[in-house]
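Morning, everyone. I have one structure to walk through today. Let me put it on the screen.

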Amino acid sequence: MTGLRARHKADRTRRMQEAAAGLFREAGYSAARMEDIAAAADVSVGTLYNYFETKGDLLLAIVSMEVEEVLSEGSLVLANPPADPVEALDALIGRYFDHSLVYLSKATWRTAMALSIEAPDTPFSQRYTELDRMLTEQVCDMIRALQRRGKLRADVAAAVVGEVVFNNLNQMFIEFVKSDSMDLDTLRTTVRRQTGLIVGAIAG
């Protein structure tokens, strides 16, 4: 019975998150009301508030859901990466980018980023930072895997290279989110070129 209850709770949570993501995309974060989200999720307003006290909590939950799914997809690439190091990193980073607009629009990403910067000591900002750290560590794991295969120099600190690669892709993702005209293909092509330069400097 406990397992069934947990599944029902997880299903309800997911339904509320997806309803909020849809309304944030359609109406905008500021215009979306908790009452509208509850109606779209087919739950009472009281139930919604039992799970999420504010819209910010909902937005954080959506960002967390997005990153957790991306990490899961990234682990599949990490388990069997392409032989070429540029291709391997491109495959991993491509999973991040291609999934980025599944739940969040560019406008919603801008809101999430702003909230994380405006109040750095809040749980929202701290969790946002933690999610970035988890993504960074996965990139570092890819660097280590490529070093074990002899594709990258073993004398280079994998953690530092991973941080550089992630910081670059993260900055380019910010530029992508800021620009309504930039598409995913342009983002991926640009980051692949930049990653190739890094790889070329430390190739095994």
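Which helices each supply at least two residues of the lining of the largest cavity? Keep in mind that this is a predicted model. The helices are α4 (55-79), α5, α6 (106-118), α7 (123-148) and α8 (158-178).

Now the cavity itself. The structure holds one cavity of 30 Å³ or more. The space in the largest cavity comes to about 230 Å³. Its lining is made up of 17 residues. Nearest the centre lie Trp109, Asp132, Leu135, Asn170 and Phe173. By type, the lining has 13 nonpolar residues, two polar and two charged.

Next, α5. This helix covers residues 85-99, and Asp98 is found in it. Is Asp98 buried, partly exposed or exposed? Asp98 has 45% relative accessibility, so it counts as partly exposed. The Asp98 side chain makes a polar contact, at 3.0 Å, with the side chain of Arg188. Now look from Asp98 to Ala119. They are 21 residues apart in sequence. C-alpha to C-alpha, they are 28 Å apart in space.

Last stop, α9. This helix runs over residues 184-202, and Thr195 has its place there. Why do we call Thr195 buried? Its relative accessible area is 4%, and buried means under 20%. What does Thr195 touch, leaving out residues up to four places away in sequence? The answer is Leu89 and Ile93.

That's the tour. Over to you.

Methods
Residues numbered from 1 in each chain as written. Predicted model: local features only at pLDDT ≥ 70, side-chain atom pairs only at ≥ 80, totals over all residues. Heavy atoms only, no water. Helix = DSSP H or I, 4+ residues; strand = E, 2+ residues; numbered from the N terminus. Buried < 20%, exposed > 50% of the residue type's maximum accessible area, 1.4 Å probe, protein only. Contact = heavy atoms within 4.5 Å. Polar contact = N/O pair within 3.5 Å; in protein donor to acceptor, adjacent residues only side chain to side chain. 1 Å grid on protein atoms, 1.4 Å probe; cavity = no way out; pocket = protein on both sides within 12 Å on 5 of 7 lines; lining within 4 Å. Points joined across faces, edges and corners; volume = space filled by probe spheres on them. Nonpolar A, V, L, I, M, F, W, Y, C, P; charged D, E, K, R; others polar.
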